[in-house]
Amino acid sequence: MNKKGRKQTVAIITHVVMISIGVVMLYPLIWMLFSSFKTNVEIFGSTALLPAKPVWDSFIKGWKGIGGVTYTQFYSNTFKMVIPTVLFTVLSCSLVAYGFARFRFRGKKILFMLMISTLMLPNSVLIIPRYILYNKLEWLNSYLPFSMPALFACYPFFIYMMVQFFRGIPVALDEAAKIDGCNTFQLYWRILIPLMKPALFSAAIFQFIWTWNDFFNSLIYINSVSKFPIVLALRMSLDATAAANWNQVLAMSVLSLLPGTILFFSAQKYFVEGVSAGSVKG
């Protein structure tokens with residue numbers, strides 16, 4: 001076999017292996033989709049992927065929700081919680097990262113080290129003081145415990161990622177912009193932010209998915225059913241009766257995955273660039 005033939009063989013084997021791994025990883029999602037058309041008996045009593053007798057109304061009945069609250073309300077609640085959190089995170093973290101990356105001031109290294117050190121604090125350590133603080137501020141049973149920390153750049157991971165991206169942008173651009181009359185904020189908003197799209201999209205996708213799937217904090221801070229996000233609604237549907245309608249639960253689970261999936265694939269190009277950019281300094 002010549003060199004060209006060996007390369008083709010290696011490429012075919014590589015593609016087969018990657019496709020096989022992809023199928024294994026996607027199988028649970030595929031099973032969840034098809035199981036939303038099965039009855040409880042078939043879900044637990046059959047290993048077949050395709051339903052023998054499809055149940056076509058699981059999405060309609062599941063959307064009616066529980067406790068008089070439909071999934072229209074649950075989706076609305078989730079977007080009310082997620083969208084401000086994502087927007088505030090992107091704006092505040094990029095502004096703080098701009099300060100660390102482009103300015104010199106006393107105590108900069110110490111502040112940056114303190115900021116990075118907070119990454120090592122587990123959420124279980126912070127949950128009690130946060131709860132006490134939010135209770136005194138009367139933020140409980142609202143979405144402020146999610147959006148307000150984002151407004152004040154309380155996510156050091158995103159700050160660090162954006163600092164690395166800012167450092168990869170030549171300082172000569174700053175000097176040229178200042179010669180053209182840009183002040184500090186105009187330089188940030190008109191010059192650097194457009195170049196920061198990969199990092200901003202990466203932060204937005206990460207924060208969207210993390211907040212959308214945040215079960216623990218939602219459970220701690222929100223106690224009214226009418227304000228529940230989707231993650232709590234899905235859990236509540238299992239607590240409502242002794243025998244859950246699993247096809248309806250799985251149907252709503254499928255729908256809950258759609259926004260994050262659509263966002264990820266729509267911004268996949270920027271996401272990959274943003275994640276990889278922090279590892280290389282220009």
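What radius of gyration does the protein have, and what would a compact globule of 282 residues have? Then take me to the largest pocket: which residues lie closest to its centre? I also want to know how H8, one of the helices that line it, sits in the structure.

Author: A caution comes before the numbers. This is a predicted model. The protein has a radius of gyration of 24 Å, while a compact globule of 282 residues would be near 19 Å. Along the principal axes, the C-alpha atoms fill a box of roughly 75 × 70 × 35 Å. The secondary structure is 15 helices and 0 strands. Of the 282 residues, 38% count as buried. Take the contacts with a separation of 6 or more: 72% of them join residues 24 or more positions apart.

The largest pocket holds about 780 Å³ of space. Its lining is made of 26 residues, and Asn123, Leu126, Arg130, Cys154 and Tyr155 are the closest to its centre. By type, the lining divides into 18 nonpolar, 6 polar and 2 charged residues. Five helices each give at least two residues to this lining: H6 (123-136), H7 (144-151), H8 (156-167), H11 (197-212) and H12 (215-221).

Take H8 next. Start with its length. At 1.5 Å a residue, its 12 residues should span 16 Å. Then its surroundings. The cut-off for buried is under 20% relative accessible area. By that test 9 of the 12 residues of H8 are buried, so the rest of the structure largely encloses this helix. The buried set is Pro156, Phe158, Ile159, Met161, Met162, Val163, Gln164, Phe165 and Phe166. An α-helix has 3.6 residues a turn, so residues three or four places apart point the same way.

Ala153 is in the loop between H7 and H8. Its phi is near 55°, a positive value in a residue other than glycine. Ala153 has 14% relative accessibility, so it counts as buried. Asn141 is in the loop between H6 and H7. Phi of Asn141 is near 60°, again positive in a residue that is not glycine. Asn141 is buried as well, at 16% relative accessibility.

Beyond its sequence neighbours up to four places away, Ser92 touches Ala150, Leu151, Phe152 and Ala153. Ser92 itself is in helix H4, residues 71-102. With a relative accessible area of 8%, Ser92 is buried.

For contrast, go to helix H1. Phe34 lies in that helix, which covers residues 3-35. At 26% relative accessibility, Phe34 counts as partly exposed. Setting aside neighbours within four places in sequence, Phe34 is in contact with Leu49, Leu50 and Pro51. Trp63 is 29 residues from Phe34 along the chain, and their C-alpha atoms are separated by 17 Å.

Back to your request. Cys154 and Tyr155 are among the residues closest to the pocket centre.

Notes. Residues are numbered from 1 along each chain as its sequence is written. This is a predicted model: local features need pLDDT of at least 70, side-chain atom pairs count only at pLDDT 80 or more; totals for chains, interfaces and linings use all residues. Side-chain values use heavy atoms; hydrogens and water are left out. On a 1 Å grid over the protein atoms alone, a cavity is a set of points where a 1.4 Å probe fits but cannot get out, and a pocket is an open set with protein on both sides within 12 Å along at least five of seven lines; lining residues have an atom within 4 Å of a point. Grid points are joined across faces, edges and corners, and a volume is the space filled by probe spheres set on the points. Helices (H or I, at least four residues) and strands (E, at least two) are DSSP runs, numbered from the N terminus. Ala, Val, Leu, Ile, Met, Phe, Trp, Tyr, Cys and Pro count as nonpolar, Asp, Glu, Lys and Arg as charged, and the others, Gly among them, as polar. The expected span of a helix is 1.5 Å times one less than its number of residues. Buried means under 20% relative accessible area, exposed over 50%, partly exposed in between (1.4 Å probe, protein chains only). Contact means heavy atoms within 4.5 Å. The radius of gyration is taken over C-alpha atoms; the globule rule is 2.2 Å times the number of residues to the power 0.38.
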